[in-house]
Amino acid sequence: MSTIELVDGTDLDAPPEGSTNRSSRLIRVGPHVVVWTLLLAPMIRSMARGWRPLGDDATIAIGAWRALSLHPPLLGQLTSATGG
């Protein structure tokens, strides 16, 4: 026969002590700060300087403007076969 021992859970529910609690908080908050900085810094720079579509960004912007304007394109994306 086996007996079931009851475990007192008060030690497990206690919060960690000062130094480990602070390091745990830094580990949780650090990645949030890094990600939000990487997202917000370019957005703020673009808002201050103005956005200029260059390269692939220009192609995407023109395609979005065509699709979302009142005169949508009848065909798909332009290719080199349609030129000249």
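Helices are DSSP runs of H or I with at least four residues, numbered from the N terminus. With that in mind, the elements of this protein run α-α-α from the N terminus on. The structure you see is a predicted model, and its secondary structure comes to three helices and zero strands.

How confident is the predictor, and where? The mean pLDDT of the protein is 77, with 62% of its residues reaching 70 or more. Two of the helices mark the ends of the range among the elements:

| Helix | Mean pLDDT |
|---|---|
| α1 (residues 10-13) | 56, the lowest |
| α2 | 88, the highest |

Of the 84 residues in the protein, buried ones make up 1%. The accessible surface comes to about 8500 Å², and carbon and sulfur atoms account for 65% of that.

Which residues form a nonpolar patch on the surface? They are Val35, Trp36, Leu39, Leu40, Met43, Ile44 and Met47, which together have about 730 Å² of accessible area. One of them, Leu39, lies in helix α2, which spans residues 18-49. Is Leu39 buried or exposed? Leu39 counts as exposed because its relative accessible area is 52%, and the cut-off for exposed is over 50%.

How values were computed:
Residues numbered from 1 in each chain as written. Predicted model: local features only at pLDDT ≥ 70, side-chain atom pairs only at ≥ 80, totals over all residues. Heavy atoms only, no water. Patch = residues over 30% accessible without salt bridge, like charges linked within 9 Å, V, L, I, M, F, W, Y side chains within 5 Å. Areas by Shrake-Rupley, 256 points an atom, 1.4 Å probe, with all protein chains shown as cover. Salt bridge = Lys/Arg side-chain N within 4 Å of Asp/Glu carboxyl O. Buried < 20%, exposed > 50% of the residue type's maximum accessible area, 1.4 Å probe, protein only. pLDDT = per-residue confidence, 0-100.
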